[in-house]
Amino acid sequence: MTNRDDNQTPDHLAYSVKKIQAFAQGDETSLRLILDSFIQSTRQNLQEFEKLLSEGHRNDLAELAHKMRSMFLQLDATGVAKLLYELEENRLSDKQWRETAEVASRQAKELVKTIQADYQLDNTP
């Protein structure tokens, strides 16, 4: 089982699969399928996320951030989850909202790549 929740991992790349492993009842194949599904759905969500960001659709992006946040919390990826929560709450100034959304998108992409590499999952980009 791979986890990146040590003190040397940057906050936005820290995660743990303990909750998912428990849900999968220790089955490595199931864990990999769940992580693969997470990667695919996150990539799809990030495409929509970036579209909503570029068009300035705050309310729709807040709803999408809410949807995305739950899986990041299942992975104990609190760095990205915190940013998604701030977007979900939709109380930031326009400048803060845009900056937070850009950072959340970038960090989510980096985390997806990290998990993909850690588990050698064969998803294309």
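Start by selecting α3: its buried residues (under 20% relative accessible area, with a 1.4 Å probe and protein chains only) are Arg58, Leu61, Ala62, Leu64, Ala65, Met68 and Phe72. This is a predicted model, in which local features need pLDDT of at least 70 and side-chain atom pairs count only at pLDDT 80 or more, while totals for chains, interfaces and linings use all residues. Residues are numbered from 1 along each chain as its sequence is written, and side-chain values use heavy atoms, with hydrogens and water left out. Helices are DSSP runs (H or I, at least four residues) numbered from the N terminus.

Keep α3 on screen and show its surroundings. The cover over its buried residues includes α2, α4 and α5, where contact means heavy atoms within 4.5 Å.

Now follow the C-alpha trace. The 17 residues of α3 reach 25 Å from first C-alpha to last, close to the 24 Å expected at 1.5 Å a residue; the expected span is 1.5 Å times one less than the number of residues. Stop at methionine 68, where α3 bends by about 25 degrees (the angle between axes fitted to the seven residues ending there and the seven starting there). After the helix comes aspartate 76, with a positive phi near 55 degrees.

To see the meeting place, show Arg58, Leu61 and Phe72 of α3 with Asp94, Trp97, Ala108 and Leu111 of α5.

Then move to α2, residues 28-55. At 1.5 Å a residue its 28 residues should span 40 Å, and its end C-alpha atoms are 40 Å apart, so the two agree. Its buried residues include Leu31, Phe38, Asn45 and Leu53, and among the elements covering the buried residues are α1 (18-23) and α4 (78-89).

Finish in the largest nonpolar core, a set of 32 residues (buried Ala, Val, Leu, Ile, Met, Phe, Trp, Tyr and Cys joined through side-chain atoms within 4.5 Å). Leu35, Phe49, Phe72, Leu75 and Ile115 have the most contacts inside it. Two or more residues come from each of α2, α3, α4 and α5, and α2 gives the most, with eight.

Note on methods. Buried < 20%, exposed > 50% of the residue type's maximum accessible area, 1.4 Å probe, protein only.
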